[in-house]
Amino acid sequence: MSLRQISDALLHWAPLRNVAGGCLRALAVGIVFYFVVYLLERASGGTTQQYRSRGFLQDVAYWFYYRSGLNQLLFMAAFFSFLGSRLAFLQLRIVGSLHPIVRGILWILLADFCSYWVHRLQHASRFVWAFHATHHAQEQLNFATTVRFHPVDHFISDTLKFVPQMTLGASPMSWLPLHLVMEFVLNTQHSRIKWRFGVLSRVFVTPWFHSFHHSTDPRHYNKNFGGLLSIWDHMFGTAVDAPEQPSEYGLEDVKMPTLVSTFVVPFRLLRQFNDQASSNSSNARNAIVIPRSAGEPPRG
Ligand SMILES: [Zn+2]
Ligand SMILES: [Zn+2]
């Protein structure tokens, strides 16, 4: 087969064309968000220095990886189609027959409730935390940090959310106004918009609210787990607020200065956890100790 034939075959290979189209969409959406968030950050007195950092470029790489559909193609599509066929009996569509607006609100409430508890697990389990650390290692929070997740962390959380979402039925995200509100809330929560959004922050996760989740201050460890809604944190006693935002973000003892390290370091962390567990193997209880919080990863 000649080079010409190979390049022709690649150009007409549907998955590759889909990812190429996804990259263009990711670029267009990214540019819109960049300008909207940048203007809001400037207007609210927030810093914009994060856009001149290496950490921002790492998150842009993650943005293209997830938003282009590449992760879906590599890991998720085949697995979820397999899982979906095996768990078809769970498709109860329990909110499917309701009025679209009621269905939308109920779907968001139930899906976000699950998301809150999955996030708590991401901090409570040593195994999952090792990979969730990639999200927390970012010291220069920016709008694209929303998608900075290690593929293993992403895979675990999507799998855990898959079953409850199957029982709920199709997502109401096709309803454009709701979709836009959710996209805005999710994509601005790692931005430096300094407004507190008043009473809205009692319901939605605002950038102010989520910033405490990434704080290096021990008083903020294991707080503000909410994904879209902050009501769960208020309900379960994990909400924290203060008149000033945290001065530093990231992890004290785990650094990920390069894009490659954001992928590799979690595996090293996992090995450290296993070594610690086996060094405590004389005491079976200690061998399964779980970390107390995201901000307190085992030292080393
Ligand atoms: Zn977290
Ligand atoms: Zn976050």
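Trainee: In what order do the elements of the chain run from the N terminus on?

Mentor: The order is α-α-α-α-α-α-α-α-α-α-α, which comes to 11 helices and zero strands. Helices (H or I, at least four residues) and strands (E, at least two) are DSSP runs, numbered from the N terminus. This is a predicted model, in which local features need pLDDT of at least 70 and side-chain atom pairs count only at pLDDT 80 or more, while totals for chains, interfaces and linings use all residues. Residues are numbered from 1 along each chain as its sequence is written, and chains are lettered from A and ligands numbered from 1 in the order in which they are written.

Trainee: Why is L141 called buried?

Mentor: A residue is buried if 20 or more other C-beta atoms, placed from the backbone, lie within 10 Å of its own, exposed if 12 or fewer, and partly exposed in between. L141 has 25 C-beta neighbours inside 10 Å and therefore counts as buried. L141 lies in the loop between α6 and α7. Leaving aside neighbours within four places in sequence, L141 is in contact (C-beta atoms, placed from the backbone, within 7 Å) with Q50, H190, R192, S211, H214 and Y249.

Trainee: What makes helix α6 largely enclosed by the rest of the structure?

Mentor: Nine of the 11 residues of α6 (residues 126–136) are buried, so the helix is largely enclosed. Among the buried residues are W129, F131 and H135. Their cover includes α5 (100–124), α7 (151–168) and α11 (259–279).

Trainee: Why is α5 called roughly perpendicular to α6?

Mentor: Axes are lines fitted to C-alpha atoms, for helices over the stretch in contact, and angles run from 0 to 180 degrees between N-to-C directions. Angles under 35 degrees count as roughly parallel, over 145 as roughly antiparallel, 65 to 115 as roughly perpendicular and the rest as oblique. The axes of α5 and α6 come within 6 Å and cross at roughly 100°, which means that α5 is roughly perpendicular to α6. L121, Q122 and H123 of α5 make the contact with V128, W129 and H132 of α6.

Trainee: How do you know that α5 is roughly antiparallel to α7?

Mentor: The axes of α5 and α7 come within 10 Å and cross at roughly 150°. Since angles over 145 degrees count as roughly antiparallel, α5 is therefore roughly antiparallel to α7. Residues that meet there include W107, L110 and V118 in α5 and L160, P164 and L168 in α7.

Technical notes. Two residues are in contact if their C-beta atoms, placed from the backbone, lie within 7 Å.
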